Each structure stands twice: as C-alpha cells, then as structure tokens.
2 protein chains.
Amino acid sequence: MNLQKVLLHLEKNFDEDLDRVREFLRMPSISYTGEGIEETAHTLKEIIEELGGTAEVVPTKGHPIVFGEFDEGQEHTLLVYGMYDVMPTDEEGWTVDPWGAEIKDLPKFGPCIVNRGAVNTKGPLGAFFNTLRAIKEVDGKLPVNLIFAVEGEEEMGSRNFPAFLEQYKEKLSKAEAVLFPFFEQDEVGTPGLVLGTKGLLYFELVCQGGDWGGPTSRGIHGSFNAWVKNPAWRLVQALSTMVDVDENILVEGLLDDVSEIAPKEKEILKQQIEEGIYDEKVFLENYDVKRLKYDGTGMDVWEKLYSRPQLNIDGIYSGYTGPGTKTLLPHIATAKVDVRMVPHMEPDEVVRLIRAHLDKHGFADIEMNVANKYYWSKVSVEEDVVQAMIETYRTMGKEPQIQPLNPGSAPYYVFERYLQIPYVTGGMGHGARQHSSDEYCTVEGVLDFEKSMAIFFDHYCQRVSGKQDQQETITR
Amino acid sequence: MNLQKVLLHLEKNFDEDLDRVREFLRMPSISYTGEGIEETAHTLKEIIEELGGTAEVVPTKGHPIVFGEFDEGQEHTLLVYGMYDVMPTDEEGWTVDPWGAEIKDLPKFGPCIVNRGAVNTKGPLGAFFNTLRAIKEVDGKLPVNLIFAVEGEEEMGSRNFPAFLEQYKEKLSKAEAVLFPFFEQDEVGTPGLVLGTKGLLYFELVCQGGDWGGPTSRGIHGSFNAWVKNPAWRLVQALSTMVDVDENILVEGLLDDVSEIAPKEKEILKQQIEEGIYDEKVFLENYDVKRLKYDGTGMDVWEKLYSRPQLNIDGIYSGYTGPGTKTLLPHIATAKVDVRMVPHMEPDEVVRLIRAHLDKHGFADIEMNVANKYYWSKVSVEEDVVQAMIETYRTMGKEPQIQPLNPGSAPYYVFERYLQIPYVTGGMGHGARQHSSDEYCTVEGVLDFEKSMAIFFDHYCQRVSGKQDQQETITR
C-alpha cells in the first residue's frame, strides 16, 4: 500500500470526506424506536457496493445486520464489526438539532460535529469508509480483504448478533481478527486500548416469607415483628455472609478460577503507571470518591482493578421506602447483585457456587434468579491486530493507555466464543457525551482517525507478512 | 345510681338514641382536610352543654380540642378521652354514602350503621352521650364527675394533645383515671382489654459514601465496585451485627431494661390461654404466616409477644430498584427501622445503645436519624378503672381477652406521663373496617355499648367507695 499517498489523499479530500460523514450522521437510526433503521442499513449496503464491495441487508428477529465483503484477492482478511444504531435524542440539553451535524466550536476542542452518534459510533463508521475510498483511489485495492458485520441493535444489547454469527459462521471464518473502528482518544489525547472486558452475571436474590417464617403473601403490621420474622432481616443476614466488611468475597470457590494478569501485560501496566499514563487520583476526583477499596497506590491498586472480580449490590429493596414512618413487616425482600468476572471465571459455575454458598449457610429458601450473563473476553497484547494498533498510535505520536481488561462488560466475547479470533477496538479521534445531549466528535479527530486506519492496515499487513521482525514493539 | 332503671330507659329510648348517633356520624370531620372540623367541635360543645355540662372549644396549633366538665358534686372524677376526627373517605369500595349513616344488613352481623367513623370513633363517642342522657333523665345526676378532652387530630398523630394536657393540667388533675369509650368486641363477640401499649422508636440508618470509601455524591457505574466500596454492602454489614439469624437482638444493653409481665397478669394470661381465649393458630391463619419467630405454643409464645421488644426493618432501599438489570454502584443506602419498646425501655436510652453499638462495630459514619418516639404505656390489671371494665364485661356475660400489652403503639402514654393516672379503653359493641371503605358498627352493639357504660359507672363507683370487697374479681 502506498501509505504516504493515501495520507496525502485523505488530507486533500478532507472537506468532501467530512461532508460524507456529516451526511451519514444526519440519518436517524434509533434502534429503540426503529426510526430510520431500514434506510440506514440500506445506505450502508450502497456505500459498500459503491466502494466495490458486495453487501446484503440480513434480516434478523430484530433490526437487520449489514453483511459486506471486499474480496481484494489478498492473503489476509479482517472482520470489521460495527453498529449503525444510536440512542434516542429525547433527553434535555441539546443546544443544536441532534440530527443537524452542525459544526460547533467547543471550548478546549475547537470545531466539532455535534450530532447523535458522532462518537457512538456512526462518526467513526462513516469516516472508516473515507479511508477505504482513499486507498481504493490511490492503490486500486485494499491491502487486506475485509468482511463487514454492522448491526442495528447494539444499544439494545446486541440480542440478535450471536444468531447471525452462527448463521454466517462459514463466511466469517475467513477473518483472522476483528477490528471495531472507534475514536479512542480521551480528553487529553491519549488513546485507550482495552485487551478485554470483564464478564457480567446479574441476578436477583429474593427472600420471601415461607416455611422458615415471615409473612408469606402480604406485608403485615410492623408490630407483629415481635412474633414473626422479617424477610428483610433474613436477606441482610444471607448477604452478610457473602462478603466481609472490606467487601472481600467469602463465597467458597468463587476466586478459584481467577487468573492473574499475563506477565507481559503486567510489565506494560507497571511501565505505564511509572510514566504517569495511569493516575488513580484522577479517578477519585472525577467520581467523587475519597478512598479506594484497596490500600496502596499505583500498581497495587491498578492491578486489582483489572484482575479482581466484584460482587456488587446494584440495588436492594424491601418494605416501605417512601417518606415518613410507616411501620410494616414486609413479606418479601430483593437484592439485585452483579458479579464482574475476570478470566477464567464461568458464569454457570459462579451461579452454582453462590447457590451452594446460600444453601450451606441455611438460606436454601432464598431464590436466585439469573437475569443476565455476559462472558468475559480477553485478547493478548501479543496478537498482531493489537500490536498493529499500538504501532499505529505510536506512528502518530501517541502512547496508548493499554488496559489489561475493561472493568465494564461488553458482548465482545462473541468473537472469541463463536469465531475464536482476536479483536481490537481502536482508532485516533476524540468524541464524548455518548447517550447524552450534544454528543460530539472533533473535526480534527475525524482526519486523524481516517489516517490512523490507513496506518493500521499498513502495520497489520507488515506484521502478518513478516511477524518475527516486529516482536520487540511490545515493550518499546 | 339506679342502674336497672337506666338500662330500661336506654332500651326504651333506643330508636331515638340511635338516630342521634347517626346524626352525629353524618357530620364530616376529616382532620386531614379540615372538612367539618370546626362544626363538629362546636356540636360537641353543644351536646355537653345540653346535657348540663360546661364546655369550651380550645384552640390549638392545629384543630381545636373540646374540653368539657360535668361537675356533679361527686367524690370521684373520671377523664373521658375522645376523638372527633375521622379519616378521609377517598378510598374505593364504598357501597353506600360514607356520610349517609345508612342501616345495612351485613352477613353475620345483621343491621349495621355503615359510615366513616362508625367504629373509629364517633360511633362510640355519640353513643356515650346517650348513656349520660339516660342517667341524667333517670337519676338527675351522674354518679361520678366527668371531664371531657376530645381531640380533632388523633388520625394525624395527636400532635397538639400533649401541649393541651400541659396547659389544662390543673383542671385535668382532678381526674383519677381515664376512660376511652370504644366498641371493643371482636367478630365473635369477645371484648378486648389491653393493659398498655408498646413504645415505638422509629429511625432511619443512612450509609453514604465518605472517608471510609464509596461514591460520595452520586451513583456511579456498577463496574467500579471492583475498586470502590458500596454503601449498600456497608449497611448490610452494619445491620447484620444487630440481630442474629433468628432475629435475637444483639445490641448490647438493649434488653437490660426489659421487665417481665407482672405475676398477676401472667396468671391471667395463662388461664385465658388454657380457656382457649387466645389461639396463635388463628393469628397464623389470619396473617398468612407459617411459623412464629419462637418455638412452642400457648404461653411460650404469647408471653413473648407481650414481653419482648422488637427490632424491625420496616423498609430498606438503595441503588436501582426498578425492573431489569441496570448496573449501579449506589452512593447511599437507607434502612427504616423500628424498635417496639416494652416497659421499662426508654427511647433515648435505646437510641444511645444503638448508636454505641454501631460505633463499637466500626460504623460511626452511619447516620441514625430518629423520626418518631412513642413511649410505652402500662396500666395494672389491678387498677379500679380496669377492674370495673372487666366486671362490666362479665356482668354482660362476656369474658374479655386481657392483653398485658398491645404489641402496637398508641399515644396513651400521655396520660401516664402528664397526668400520672391510669386509663382504660373499653365498652361493648362491635365494628370494623376502620380506615377502610364501608366502616361499620352493629346496631345491636350500640345498645350494648350504651348499657355497658352505665354498668361500668356503677362498678367503678362501687369499687372506689368500697375497694377491699372487690379485690377477688381479678382472677374470678
């Protein structure tokens, strides 16, 4: 690939390319309401076809998925994951038309496109096609075959995406790795790079009056607690056996499958902490927290964030929760609990262990209703696709913050579990206020992003064609 | 007093007397809205004056209190406590005009007056004046001096009643005992007689993020629990130290001031249990409870109901309590807790002990906000006024269920604490559905009640004029 020419071409044609991104952003595509979904899916198909690829709008039980292919006759193939749906715009605080794609000067960031989806993620998706166009116009073909899988239900939990992966498994299996194009730079310009996400198990513990005592069918007058046990007390007692006062998890076996961070990744984390790329004090300030769960600073605490599971009470409720002083002996008490699982904890095993813990402690009557399961996902920093992204950032003068594991959860495990291939999310560019009013991305970032994608292809192709020479990139 | 003549007079004039009660019930007197409050207070004043007493409508910071006196030149004086206010009628389910005082045949009970306040408590209050009228018409004067204190804010917590007692202390101090006229018969005709009420301490425990950890100002993304402690867990841990799994209270010193039931009252309780006047199986069935807090039957459990304090969770809430699976690390968790105090537990001491317990267990940061305090009240079964009421029921062929202590709470302590005099609530008659639609009282019960009040005066006067002869009534 003639990289320098591609980069020049992107610079020269940026005004026109930016207009294309803005045009794409102006199409509503709200998965929750369905507004513009079909039109946007078909527009994507047309864009891919116009660039010389083939595409189809694949129906699902929900909104369609756009499947596309650029078979360039190359040796290597990447799968581009994307989403064309966005959140609704009914929140207050929009200072411009959420679908106007206006350019607005924002303090600190200069000219920005303000529009729903500017960062999450129709901005990067639209800009990604500009990179492909530039490469095609300069070189005639892409340096790597691409497969597109762009879904329209990401904001609703990607509920039909696994079935699609299953259905298209054979076609998708040509891909060596997954790329999710995104504006990854934060407010100060540092690109983030996550090497996985924690899994999520979400369940309710429900304690209701029954053979053990308690009112069984309705709350009764509070004064009867002199005689009748209280499900809220019972739930409190059951919960209190699960963690100690420092929130150390006491559920037997729950930590057995916890893996440490890989030595290489630990080394990078340590180095980046020393370089000041990580700073827990910024977190404490941003989130109005005075003290972390763990003592210590630097590596002591960051290592724990990325390697420890959590057992969190998302919500708890029972009885009278309004104002004033109603006396009540409730018949039911509920806790919403989540476990964030690190490799190699499996949700079904966690369910089994928590159930066994409750039973062993005499709380067999407490119901455990599992509501949600996301597996963890993990990609090694040593994967070519990850290395190529790191090299891309460095080529553009930025040292990425390499996180061993996103403490949150996302359905990226589908690529590992269905296709057994690594993935990377990345790209230069900055935007923020996703799911909020005045969502934006910087105009400058759009160009940086377009360039970074060309650079990424270049690095990736170099790596996969001559791996051994590049190994030392990992630790600089 | 010529009791037999009075009883005959009541029977003979019942149609007219019943009309008076219905007329009184037809006046709305809703303390929450103020509707009819002033008019009803003045009507009461007129009724008292028409019967030969003196009365005034005493203004308070809220609704007025009717103070009345019948100075009959007698040696002994009783204070009649009453309430002229009722609850609103905006609940669904009324089959008749709530202010129509219609006579309706109810299954099991025959003709009943259906009206707001029929039982709680304008029915008995109105009927009480019929007894006075009959005595006056037969004998010319009452056998005992009466003082009336009828408040208009009982349904709102009697908030201005203590100040009135303070203000009228000198006048009220002539009274030897308090009578609260009420239709005390239950559905099968057994009159209830309570010898006190438990006290109530109601407070909130609030755990918020702070120096100990946790988000301090707002809920944050649930995944940060990997790093940041959770106020809901902390509240659960704090609560779990306060009772054991069987809800035995673990707060040091809390049980120190608990008094046993007096031997005489224990003896009565035991006897009444043996006679089948008490049956815990009826309670279990009525309240849909499968098992009591305590093992055993009969005396084992009834004694505990009346002599044990409780530490109850009325409500608990934190974080996300809606449907579905929102992940959240809340910044605040709240429990609403009540302590029902038996003699001689004092609320201020209980507050001090719970605060000390929390501090000792490392939860000094958890706020304890006291919302409400009712003292316990206790009257001895050996008081003349109580004995007279028991004798009254027996004279009318009913054995009362004598409860050493009402497990609920009511502001009766004011009579003990402000006036240092015993009190009794009582009277024949049956009604129910207070605070609900189709509140009723039986027509037959109104006459029985009117007779029972005359019989009560008779027994009371006999007792106070020749105490020693009557002592053996206690245990039959």
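Start by selecting A:Ile103 and A:Ile113: these two are bridge partners, the latter sitting in β5 of chain A. This is a predicted model, where local features need pLDDT of at least 70, side-chain atom pairs count only at pLDDT 80 or more, and totals for chains, interfaces and linings use all residues. Residues are numbered from 1 along each chain as its sequence is written, chains are lettered from A and ligands numbered from 1 in the order in which they are written, and side-chain values use heavy atoms, without hydrogens and water.

Now select 102-106 of chain A, strand β4, and 110-114, strand β5. They pair antiparallel over five bridges (strands pair if DSSP finds at least two bridges; strands are DSSP E runs of at least two residues, helices H or I runs of at least four, numbered from the N terminus). Next, pick helix α2, residues 14-25 of chain A, which packs on the sheet and touches β4 and β5. Its direction makes about 35° with that of β5(A) (axes are lines fitted to C-alpha atoms, for helices over the stretch in contact, meaning heavy atoms within 4.5 Å; angles run from 0 to 180 degrees between N-to-C directions).

Jump to A:Ile354. Leaving aside neighbours within four places in sequence, its contacts include A:Phe203, A:Met242 and A:Met368.

Last stop: B:Glu49, in helix α3 (37-50) of chain B. The C-alpha atoms of B:Glu49 and B:Phe70 are 9.1 Å apart, though 21 residues separate them along the chain.
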